[in-house]
Amino acid sequence: MSVADLSFRQSTASADAVGAHLWACDAAFVPKLSEGLDIDAYAEKIVRHAITFEAWQEGLLVGLVAAYINDVERRISYVTNVTVEPVLMGKDVAAILFESCLASAREKDFDAMELEVAQDNHRAIRFYEKFGFQVQGRRNAKLQMALNLKPQPQPPEPLTGGTR
Ligand SMILES: CC(C)(COP(=O)(O)OP(=O)(O)OC[C@H]1O[C@@H](n2cnc3c(N)ncnc32)[C@H](O)[C@@H]1OP(=O)(O)O)[C@@H](O)C(=O)NCCC(=O)NCCS
């Protein structure tokens, strides 16, 4: 399976499709997703409240980024899920979905994006770091990470060297 075989959509998945996808990815989470929550209830919550950025292969949801981009007072968005089926890891599918999520929060003029990740989920942490996310805190074996969506302009580099 490659990126060319997929179609990318936004907020079309049913709770059943989200649930089936999360169950298919369950063992890839560190620790397993089903150890910490009720996957089917979580899928319902995602479809009801989050924007979903979806990769489909024919009728199957194979990649999903879900984010709450609705707190218009704090202007902080929150990524609740990032998954691709194991055969799609390392193939840019997760990155394409995550870029769409970031673009959506920026379009809505949000200031920041936050997420939480298990401290042992090194692959996911590395993935988020590639987008510029930084660790803000730690709680119960989880890291809180955040990205400023409106970076301040950097002052110009001081001039060095030159000949006189
Ligand atoms: C997290 C996830 C969406 C990332 O997608 P992906 O396609 O695997 O991500 P990428 O391959 O683009 O990036 C992963 C990075 O981690 C690196 N990596 C892989 N295994 C690693 C490990 N054990 N330790 C540290 N880094 C690791 C990869 O080399 C890559 O970095 P690089 O591009 O600098 O080489 C995907 O792995 C996934 O679905 N995991 C299961 C569900 C999950 O844990 N979701 C996150 C919950 S917070």
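Helices and strands here are DSSP runs, a helix having at least four residues and a strand at least two, and they are numbered from the N terminus. On that numbering, Pro 31 belongs to the loop between helix 1 and helix 2 (33-36). The model is predicted.

**Overall layout**

The protein chain holds 5 helices and 7 strands. Read from the N terminus, its elements follow the order β-α-α-α-β-β-β-α-β-α-β-β. Along the principal axes, the C-alpha atoms occupy a box of roughly 70 × 40 × 30 Å. The chain has 164 residues, and 29% of them count as buried. Among contacts with a separation of 6 or more, 60% are between residues 24 or more positions apart.

**Helix 1 and helix 3**

Helix 1 (residues 15-25) packs with helix 3 (residues 39-49) at an angle of about 130 degrees, and the two axes are 8 Å apart. The crossing of helix 1 with helix 3 is right-handed. On the helix 1 side, the contact is made by Ala 15, Val 18, Gly 19, Leu 22 and Trp 23. On the helix 3 side, it is made by Ile 39, Asp 40, Tyr 42, Ala 43, Glu 44, Ile 46 and Val 47. By class, the residues of this contact are 9 nonpolar, 1 polar and 2 charged.

**Backbone features**

Most residues other than glycine have a negative phi, and most peptide bonds are trans. The bond between Val 30 and Pro 31 is a cis peptide bond, with omega about -10 degrees. Two Asp residues have a positive phi: Asp 92 and Asp 109. Asp 92 sits in the loop between strand 4 (76-84) and helix 4 (93-107). Asp 109 is in the loop between helix 4 and strand 5 (112-118).

What are the counts of other C-beta atoms within 10 Å of Asp 92 and of Asp 109?

| Residue | Phi | Other C-beta atoms within 10 Å |
|---|---|---|
| Asp 92 | about 75 degrees | 12 atoms |
| Asp 109 | near 70 degrees | 10 atoms |

A residue counts as exposed with 12 or fewer such atoms, so Asp 92 is exposed. By that cut-off Asp 109 is therefore exposed too.

**Gln 144**

Gln 144 is part of strand 7 (residues 142-148). With 15 other C-beta atoms within 10 Å, Gln 144 is partly exposed. Beyond its neighbours within four places in sequence, Gln 144 contacts Glu 114, Glu 116, Gln 136, Gly 137 and Arg 139. Asp 71 is 73 residues from Gln 144 in sequence, and their C-alpha atoms are 18 Å apart.

**Ligand shell**

Around the ligand there are 18 residues, of which Ala 28, Met 89, Ala 94, His 122 and Arg 126 come nearest. At least two residues of the shell are supplied by each of strand 4, helix 4 and helix 5 (122-130). Helix 5 gives the largest share, 6 residues. The shell divides by class into 11 nonpolar, 4 polar and 3 charged residues.

Notes:
Residues are numbered from 1 along each chain as its sequence is written. This is a predicted model: local features need pLDDT of at least 70, side-chain atom pairs count only at pLDDT 80 or more; totals for chains, interfaces and linings use all residues. Axes are lines fitted to C-alpha atoms, for helices over the stretch in contact, and angles run from 0 to 180 degrees between N-to-C directions. A crossing is left-handed if the near helix is turned anticlockwise from the far one by less than a right angle, and right-handed if clockwise. Two residues are in contact if their C-beta atoms, placed from the backbone, lie within 7 Å. Ala, Val, Leu, Ile, Met, Phe, Trp, Tyr, Cys and Pro count as nonpolar, Asp, Glu, Lys and Arg as charged, and the others, Gly among them, as polar. A residue is buried if 20 or more other C-beta atoms lie within 10 Å of its own, exposed if 12 or fewer, and partly exposed in between; C-beta atoms are placed from the backbone. A residue is near a molecule or strand if its C-beta atom, placed from the backbone, lies within 6 Å of it.
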